[in-house]
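Subject: Structure for your files

Hello,

Here is the structure I said I would pass on. Please look it over when you have time; my notes come after it.

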Amino acid sequence: MTLTQDTRLRASRAADNPLLTRTARAGFLGYGLTHLLVAWLALQIALGHPAGAGDQGGALAELASRPFGRYLVLAICVGLGAMALWQALEAAVGHTADRGRERTAERLASAGKAVVYAYLAWIGLGVVTDGADSSAQGQQSTTAGLLAEPGGRWLVGLAGVAVVAVGAGLVWYGVVRRFEKHLRTGAMSPRVRTLSRRLGTAGYVAKGVAYGIAGALLVLAAVTFDPGRARGLDGALRALAEQPAGPPLLLAVAAGIAAFGVFCFVQARYRKV
């Protein structure tokens with residue numbers, strides 16, 4: 001057995017660990033709760049009420065401010081960490097049912113998800129340890145630093161284009177119901193299957209729209225040399241609310257993000273892990 005084969009075997013065994021599987025499934029519950037809180041913050045922004053940052057960091061900070069909230073945020077971080085490890089293993093040795101370019105695309109997607117879950121776990125730990133309440137300020141500072149560097153405007157602009165592409169990909173993912181291939185639909189009742197399709201489609205489309213706007217704001221920050229526009233998801237939601245027909249549109253996006261949160265609860269039971 002070669003070193004590469006041995007590494008893959010070890011990774012495959014780690015991916016089949018029952019504790020990792022259960023923790024990853026529990027992570028979907030925390031991930032769903034985070035999206036429900038983001039949806040609630042988006043609703044407050046749409047209604048013109050004072051609200052914390054409308055992103056995952058703001059949602060976790062809102063949760064941490066409640067009694068025993070910090071312990072719940074810490075539990076969510078553990079679940080997100082398990083999800084990051086699971087997706088990293090999927091990127092390394094998973095998606096064996098696919099072949100060729102299909103498998104390569106799925107493994108790349110898993111690598112991206114691993115980064116996202118790890119980043120959210122890191123944000124959550126920041127909320128627990130030092131009370132950080134949003135990733136928006138960090139993104140704005142990072143953008144400002146890049147804009148000050150030679151060629152930084154191009155990097156920020158390209159990053160914005162990449163985020164827009166991710167948003168478009170999420171919309172496509174939801175519209176074609178690509179998410180169903182990762183669910184144990186055979187274990188669902190017809191009613192649950194129909195509900196999961198509707199929740200998944202609405203959720204991915206809403207997330208895609210929000211991230212598309214966030215990417216457009218990054219591009220705008222590069223063009224106008226204004227890092228204040230680059231505030232990630234929070235900036236996207238607030239920018240949408242400022243448009244003439246923004247509040248109703250933001251209400252629809254908030255409903256979609258809430259649908260994704262509930263869809264995560266469905267994944268906690270029926271996701272192929």
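This is a predicted model: local features need pLDDT of at least 70, side-chain atom pairs count only at pLDDT 80 or more; totals for chains, interfaces and linings use all residues.

Overall fold

The chain contains 10 helices and 0 strands. Of the 273 residues in the chain, 44% are buried. Among contacts with a separation of 6 or more, 74% are between residues 24 or more positions apart.

Helix packing

Two packed helices are described by the angle between their axes and the distance between the axes. I looked at two pairs, and helix 8 takes part in both.

Helix 7 covers residues 152–175 and helix 8 covers residues 190–224. Their axes come within 7 Å and cross at roughly 165 degrees. Angles over 145 degrees count as roughly antiparallel, so helix 7 is roughly antiparallel to helix 8. The crossing of helix 7 and helix 8 is left-handed. By class, the residues in the contact of helix 7 with helix 8 are 19 nonpolar, 10 polar and 2 charged.

The second pair is helix 8 with helix 10, the latter spanning residues 246–270. Here the axes are 7 Å apart and the angle is about 130 degrees. That angle makes helix 8 oblique to helix 10. The crossing of helix 8 and helix 10 is again a left-handed one. On the helix 8 side, the contact includes V192, S196, L199, G200, A202 and G203, and also Y204, A206, K207, V209 and A210. Helix 10 contributes V253, G256, I257, A259, F260, V262, F263, V266 and Y270. The contact of helix 8 with helix 10 divides into 15 nonpolar, 4 polar and 1 charged residues.

The loop between helix 7 and helix 8

R177 lies in the loop between helix 7 and helix 8. Its phi is positive, about 55 degrees, although R177 is not a glycine. R177 is partly exposed, at a relative accessible area of 36%.

G79 is located in helix 4, residues 69–93. With a relative accessible area of 5%, G79 is buried. Not counting residues up to four places away in sequence, G79 touches T23 and G27. The C-alpha atoms of G79 and Y117 are separated by 9.2 Å, and the two residues are 38 residues apart along the chain.

S110 belongs to helix 5, residues 100–130. S110 is buried as well, with a relative accessible area of 2%. Leaving aside its neighbours within four places in sequence, S110 is in contact with Q87, E90, A91 and H95.

Cysteines

How many disulfides does a search of the whole structure find? The search gives 0. As for individual cysteines, C77 is buried at a relative accessible area of 6%. C264 also counts as buried, at 0% relative accessibility.

Regards

How values were computed. Residues are numbered from 1 along each chain as its sequence is written. Side-chain values use heavy atoms; hydrogens and water are left out. Axes are lines fitted to C-alpha atoms, for helices over the stretch in contact, and angles run from 0 to 180 degrees between N-to-C directions. Helices (H or I, at least four residues) and strands (E, at least two) are DSSP runs, numbered from the N terminus. Angles under 35 degrees count as roughly parallel, over 145 as roughly antiparallel, 65 to 115 as roughly perpendicular and the rest as oblique. A crossing is left-handed if the near helix is turned anticlockwise from the far one by less than a right angle, and right-handed if clockwise. Ala, Val, Leu, Ile, Met, Phe, Trp, Tyr, Cys and Pro count as nonpolar, Asp, Glu, Lys and Arg as charged, and the others, Gly among them, as polar. A disulfide is a pair of cysteine sulfur atoms within 2.5 Å. Buried means under 20% relative accessible area, exposed over 50%, partly exposed in between (1.4 Å probe, protein chains only). Contact means heavy atoms within 4.5 Å.
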